[in-house]
Amino acid sequence: MKLAGISFGWVKATEGQTFDDGSYERHRKEARRAGIPLGAYHFARPGDAAAQAAHFVKVVKTQNGFRAGDVAIIDVENTKKQPHLWDGTTPTALRAFIDRFVKDVRQDLPVQMPGGRVGAELSL
């Protein structure tokens with residue numbers, strides 16, 4: 001893959017408070033084998049940001065999914081199947097949700113990432 005010009009990959013790890021992406025471990029291993037740096041992401045659902053962060057951290061820790069230089073991101077979006085998923089969430093509440101998730105992930109990841117790179121992708 002790296003020879004094909006792929007220089008970075010995103011791998012979905014979790015969604016909500018309980019869903020683990022069944023292909024996360026395989027994709028992570030394949031990217032590592034190919035020498036491709038990774039980012040793991042969590043697909044957020046309205047609810048408890050702390051519980052979702054704990055779930056994300058548990059999955060990536062259990063599967064040794066982070067190394068120095070990797071990136072974590074929270075993906076907050078409405079989908080085609082659920083176009084109103086985040087409707088009714090105020091900008092202040094959404095910001096608080098994202099801030100809590102990012103804070104908890106930064107605090108709990110086993111490897112200190114350069115610059116503490118944890119980000120958010122919004123599509124609402």
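**View 1. Parallel pairing of strand 1 and strand 3 in the predicted model.** Strand 1 (residues 9-15) pairs with strand 3 in the parallel sense over six bridges; two strands count as paired if DSSP finds at least two bridges between them. Strands (E, at least two residues) and helices (H or I, at least four) are DSSP runs, numbered from the N terminus. Val11 has Ala40 of strand 3 as its bridge partner. This is a predicted model, in which local features need pLDDT of at least 70 and side-chain atom pairs count only at pLDDT 80 or more, while totals for chains, interfaces and linings use all residues. Residues are numbered from 1 along each chain as its sequence is written, and side-chain values use heavy atoms, with hydrogens and water left out.

**View 2. Strand 3 and its pairing with strand 4.** Strand 4 (residues 71-77) and strand 3 pair in the parallel sense over five bridges. Ala40 stands opposite Ala72 of strand 4, and Ala40 is also the bridge partner of Val11. Five of the six residues of strand 3 (residues 38-43) are buried, so this strand is largely enclosed by the rest of the structure. Buried means under 20% relative accessible area, exposed over 50%, and partly exposed in between, with a 1.4 Å probe and protein chains only.

**View 3. The buried side of helix 1.** Tyr24, Arg28, Ala31 and Arg32 are the buried residues of helix 1 (residues 24-34). They cover an arc of only 100° around the axis, which puts them on the same side of helix 1; the arc is that of the directions from the helix axis to the C-beta atoms. The buried residues of helix 1 pack against strand 1, strand 3 and helix 2, where contact means heavy atoms within 4.5 Å. Just after helix 1, Gly35 has a positive phi of about 80°.

**View 4. Pro46 in the loop between strand 3 and helix 2.** Pro46 lies in the loop that runs between these two elements. Its relative accessibility is 40%, so Pro46 counts as partly exposed. Leaving aside neighbours within four places in sequence, Pro46 is in contact with Gln52, Leu85 and Trp86. Gln17 is 29 residues from Pro46 in sequence and 9.8 Å from Pro46 in space, C-alpha to C-alpha.

**View 5. Two sides of helix 3.** Helix 3 (residues 91-108) has 18 residues and reaches 26 Å from its first C-alpha to its last, close to the 26 Å expected at 1.5 Å a residue; the expected span is 1.5 Å times one less than the number of residues. Leu94, Phe97, Ile98, Phe101, Val102, Asp104 and Val105 of helix 3 are buried. They cover an arc of only 165° around the axis, which puts them on the same side of helix 3. The face turned away from this buried side carries the exposed residues Thr92, Arg95 and Gln107.

**View 6. Packing of helix 2 on helix 3.** Helix 2 (residues 49-62) packs with helix 3 at an angle of about 35°, and their axes are 8 Å apart. The contact is made by Ala49, Ala50, Gln52, Ala53, Phe56, Val57 and Lys61 of helix 2 and by Phe97, Arg100, Phe101, Asp104, Val105 and Asp108 of helix 3. Axes are lines fitted to C-alpha atoms, for helices over the stretch in contact, and angles run from 0 to 180 degrees between N-to-C directions.
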